[in-house]
Amino acid sequence: MITHSLLYLLTLASIAALFYLLESKTELKIFKFVPAVVFIYALSMLLASLHIFDANEEIKTIYKQTKSNLLPAMLFLMLLQIDFRHFLQLGKSLLISYLLAVLSIAFAFIAVAYLFDFSKETSSAFGALAGSWMGGTANMIAVGSALNVGEEAFAYALVVDSVNYTLWVMLLLFLVPFAHIFNKFTKSESMMESFSGIGCACSMGAKRYWLLILLSLGVSFLAQYSATHFTIINGTTTVVIIATLLGVLGSFTKLKELNGSSEVANSMLYLIIALIGSQAIIESVGEVLEYVLAGFLILMIHATIMIIGAKLFKLDLFSISVASLSNIGGVASAPILAAAYSKNLVSVGVLMAIMGYIIGTFGGIVVGNILLSLN
């Protein structure tokens with residue numbers, strides 16, 4: 001039984017490092033369908049279920065402090081990679097597709113919450129899931145913290161995120177050869193023409209890990225200190241919003257040229273996932289199945305709206321598919337789908353997915369509060 005706080009953090013960091021190395025340094029096919037974050041969460045949750053982590057005050061205190069400090073730091077570093085100028089150059093059809101994807105996902109969550117008559121805990125969990133499906137796992141954690149999602153409910157949401165996302169990726173990849181049929185139906189022109197690639201200064205030059213860590217922790221301190229003087233909804237939401245805004249502002253400065261921000265941010269993300277998993281124990285399989293069913297219904301409503309929108313605005317299959325997956329899948333999968341159409345279009349998937357880092361946090365908080373208001 002692990003009782004010492006330092007040993008507790010070391011164990012979780014080791015789990016995060018193990019699966020990061022397996023995903024990035026090996027060619028195991030399983031990581032193409034199930035991301036490392038799911039394994040990190042599952043193993044941490046298993047250890048918690050086996051009572052390896054002693055749930056005493058020492059563990060609870062270090063859990064809360066570590067998560068509170070890492071969350072705004074991670075958000076800040078994630079957002080340093082954004083370049084609004086490139087996003088605005090995507091073109092009319094791609095921008096319409098992206099906006100349609102965001103709005104349809106938000107509407108689908110609200111509609112399903114109303115149909116299923118979600119409880120308060122379920123509503124907050126699906127608010128966190130909305131953050132993920134408008135951005136990524138980092139947004140899911142940020143929104144979940146802002147909405148005070150319990151560890152067990154967060155575990156359910158993560159299962160839905162993994163299962164439904166995997167099947168959604170497979171479906172969109174399956175549809176690639178039938179693009180010409182869909183485009184004929186919508187009377188649209190294909191986006192297969194060449195698209196200029198994008199560069200990122202944050203992947204050039206020497207790695208500045210220590211500088212980035214100190215800078216991000218400084219932002220974390222500033223965000224938390226500011227939250228003690230004014231509040232937006234609640235304290236955690238205030239911290240998340242301040243860190244997000246500072247990250248966006250930082251992306252317009254030379255800070256975005258610091259190499260290594262992505263690696264440091266992902267390291268923080270994996271450790272936060274392990275932390276949350278270490279406090280979660282799933283007790284009801286039936287409730288998990290209900291979450292998964294609700295997730296599938298959300299995707300069906302989203303898909304229906306996207307198809308109708310494609311017909312109205314004459315959008316091609318590539319545009320709506322990549323827009324959808326850039327939200328639901330994020331940076332890990334949107335470029336893969338884009339490459340299935342043409343390697344020249346990979347940058348489109350990257351741009352759309354990166355924008356989700358901003359949209360996901362604010363969108364998830366808005367949707368989550370709407371879901372909570374339905375109770």
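A cavity is a set of grid points where a 1.4 Å probe fits but cannot get out, and its volume is the space filled by probe spheres set on those points. The exercises below apply this to a predicted model.

**Exercise 1. The enclosed space**

Determine how many cavities of 30 Å³ or more the structure holds, and describe the volume and lining of the largest cavity.

Solution. Begin with the count: the structure holds one cavity of 30 Å³ or more, and the space in the largest cavity comes to about 60 Å³. Next, list the residues around the largest cavity, which are Tyr63, Lys67, Ile141, Gly144, Ser145, Val149, Gly150, Glu151, Phe154 and Ile276. Then assign them to helices: H3 (57-79), H7 (137-146) and H8 (151-174) each supply at least two residues of this lining, and the largest share, three residues, comes from H7. Finally, sort the lining by class, with Gly counted among the polar residues; the result is five nonpolar, three polar and two charged residues.

**Exercise 2. An open space**

Describe the second largest pocket by its volume, its lining and the helices that supply it.

Solution. The volume comes first, and about 380 Å³ of space lies in the second largest pocket. Its lining consists of 17 residues, and those nearest the pocket centre are Lys64, Lys67, Ser68, Ser145 and Thr236. Turning to the helices, H3, H7, H10 (209-227) and H11 (235-250) each contribute at least two lining residues, while H3 gives the largest share, namely six residues. By class, the lining of this pocket has six nonpolar, eight polar and three charged residues.

**Exercise 3. Aromatic pairs**

Classify the pairs Phe19 with Phe39 and Phe318 with Tyr341, and state which parts of the chain each pair ties together.

Solution. A pair of aromatic rings is described by the distance of the centres and the angle of the planes. The structure holds 13 aromatic pairs. In one of them, the rings of Phe19 and Phe39 lie 5.6 Å apart centre to centre with 10° between the planes, and the pair is stacked. Because Phe19 lies in helix H1 (residues 5-25) and Phe39 in helix H2 (residues 36-49), this pair ties together parts that are 20 residues apart in sequence. Since buried means under 20% relative accessible area, Phe19 counts as buried at 12%, whereas Phe39, at 23%, is partly exposed.

The pair of Phe318 and Tyr341 has 5.2 Å centre to centre and 75° between the planes, and is edge-to-face. Phe318 belongs to helix H14 (residues 317-328) and Tyr341 to helix H15 (residues 334-341), so parts that are 23 residues apart in sequence are tied together. Phe318 is buried, with a relative accessible area of 1%, and Tyr341 is buried as well, with a value of 10%.

**Exercise 4. The chain as a whole**

Terms used
Residues are numbered from 1 along each chain as its sequence is written. This is a predicted model: local features need pLDDT of at least 70, side-chain atom pairs count only at pLDDT 80 or more; totals for chains, interfaces and linings use all residues. Side-chain values use heavy atoms; hydrogens and water are left out. On a 1 Å grid over the protein atoms alone, a cavity is a set of points where a 1.4 Å probe fits but cannot get out, and a pocket is an open set with protein on both sides within 12 Å along at least five of seven lines; lining residues have an atom within 4 Å of a point. Helices (H or I, at least four residues) and strands (E, at least two) are DSSP runs, numbered from the N terminus. Rings of Phe, Tyr and Trp (its six-membered ring) pair if their centres lie within 6.5 Å; planes under 30 degrees apart count as stacked, over 60 as edge-to-face and the rest as tilted. Buried means under 20% relative accessible area, exposed over 50%, partly exposed in between (1.4 Å probe, protein chains only).
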